[in-house]
Amino acid sequence: MLAVWIDAAVDEDGARAIQIYDGGARKQIELHPTIADSDTSQIRLGVAPGAGGFAVSSIKGGTVWVDLDRGTRGRIGSGPWGELGADRPFSRSGRSILSSLSDEAGSSDQVLLPIATSATAPLWLRSPPTEHVGAQGLVRSAADAPIVYWAELGGDPSAAEVERIDGTVAVYAYPSDDGRSSVAGLVELGRNRMHTRAINEGQFPDRIGATTPWCSAGFCVTPQGDAAIGIAPATCQLLRFQWARTGSDGESRPAREIDLPEDCGTFSEPHLLAALDASHVVLDDEERLYLADLDHGLWTTLPKLGRLGEIYMLPAQGGRMMNFVSISGAVMRADADGLEVVSAERTVCDSSVPPLSSPDGAWILMTCLGSSDGIVEFSTDVGTVLRISALGLERYDGLAMQGLGIDDGGNALLYSYNPDDNEGVPRGLFVLEASGQLSRVDELEPTPEPFGTASWFASAAR
């Protein structure tokens, strides 16, 4: 597991250290004001999915990528595209950093920095020709491939209309050293049009889609990036655009309309949550989860476990699996093989942060305040760590903890804090081993400095 944090101590020249805890070893690098075109008090950190490295961003727009596996660095800054905006997330696959342009640019262009390669150079992802003049775009990346989609948005954002895809959809590949992409730059794979239906998830508070942006605007990208699946204008119907499905002219064919199984809408029309591959999608209504096989017109369903509106969807296995975790600790799972209940054990957990999943999806980590034994559950003097798997629910009461990650072996990384401290300052770094042994592995000296939206650490599990 990889955790990165910034020292609160600052040298006379404005430099400070970035501390790195990587697989049990701690090291540091010096952060100087010239690294991110700003002083070191206005920076953000982010660790890539897969924990291959981390990014340092400044408020003024510069981002530096530090690759811990290859020992290389990459940088995004001002260029022919203009100034960068504040939004600089990792792609879902962890193979690139996507940077929006500043609001003043008035463009849906983005800058993409490939980071799963030794030769990192920013690529300008320009908006393709759109169906509607001046339309804005949505950029969505594949969860397990160096592929990114640009989709034209419909509606008037100034009128607070619900987003939907309404026009051009273009697909691009970008460089990666992992054998998934042999391109040297940004290459368009296909383009066509797609028109999805807008659904106001705010009107469905008991749907999981109201709390997750995975398929916002009714638009899902498969983990391999081979298809985009959206909600069709007609009830109980989906659209599937596959860029490799071409006609005699060599151009990508239009999105295909696919009906959901015949009993769709018997109770309430299910909403799209995720595309596990080009055939299997996950949906939900107020009371059930659905896994639909679009190629065979079949689906399976299970009733939701946990209180409505309080279920988290956690991607795993590069988006090919989804864990559904209730705040009471019950876990359901969806993959191409079906739906299953992983653990039906429940407890009381007062938590304001989402649970964490291991990369393979076999382990879930939750942290709570207050004892869950039913005796002193309203006391915040006791913290609880929950670890959940097919083996059941394990509970560890003691110090107040915040989870940073859990690996495929069930080993969890956490930090302790004083629940009476409103700022939640970290006091120590801990590892909960698969055996159940909790050990303090770092005293966190010098003291970490908060960054971003009061975050103390950037972390991910390998």
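1. Rings of Phe, Tyr and Trp count as a pair if their centres lie within 6.5 Å. Planes over 60 degrees apart make a pair edge-to-face. This is a predicted model, and by that rule the count comes to seven aromatic pairs.

2. Take Trp-65 and Phe-90. Their pair is edge-to-face, with 6.0 Å from centre to centre and 70° between the planes. Trp-65 sits in strand β6 (residues 63–67). Phe-90 sits in the loop between β7 (73–76) and β8 (96–100). The pair therefore ties together parts that are 25 residues apart in sequence. Trp-65 is buried, and so is Phe-90.

3. Now Tyr-149 and Phe-219. Their ring centres are 6.3 Å apart and the planes stand at 70°, so this pair is edge-to-face. Tyr-149 belongs to strand β12, while Phe-219 belongs to strand β15 (residues 219–221). The contact therefore ties together parts 70 residues apart in sequence.

4. Are these two residues buried or exposed? Residues under 20% relative accessible area are classed as buried. Tyr-149 has a relative accessible area of 0%, so Tyr-149 is buried. Phe-219 is at 0% relative accessibility, so Phe-219 counts as buried.

5. A cluster of rings deserves a look. Ring pairs link Trp-5, Tyr-415, Tyr-417 and Phe-457.

6. Back to Tyr-149, this time for its strand. Strand β12 (residues 147–154) is joined to strand β13 (residues 164–173) by seven bridges. The two strands run antiparallel. Tyr-149 has Val-171 as its bridge partner in β13.

7. Last, a pocket. The second largest pocket has a volume of about 240 Å³. Its lining has 19 residues. Which of them lie nearest the centre of the second largest pocket? They are Ile-199, Glu-201, Cys-215, Ser-216 and Ala-217. By class, the lining of this pocket has 11 nonpolar, five polar and three charged residues.

Key:
Residues numbered from 1 in each chain as written. Predicted model: local features only at pLDDT ≥ 70, side-chain atom pairs only at ≥ 80, totals over all residues. Heavy atoms only, no water. Pairing = 2+ DSSP bridges. Helix = DSSP H or I, 4+ residues; strand = E, 2+ residues; numbered from the N terminus. 1 Å grid on protein atoms, 1.4 Å probe; cavity = no way out; pocket = protein on both sides within 12 Å on 5 of 7 lines; lining within 4 Å. Points joined across faces, edges and corners; volume = space filled by probe spheres on them. Nonpolar A, V, L, I, M, F, W, Y, C, P; charged D, E, K, R; others polar. Phe/Tyr/Trp six-rings, centres within 6.5 Å; stacked < 30°, edge-to-face > 60°. Buried < 20%, exposed > 50% of the residue type's maximum accessible area, 1.4 Å probe, protein only.
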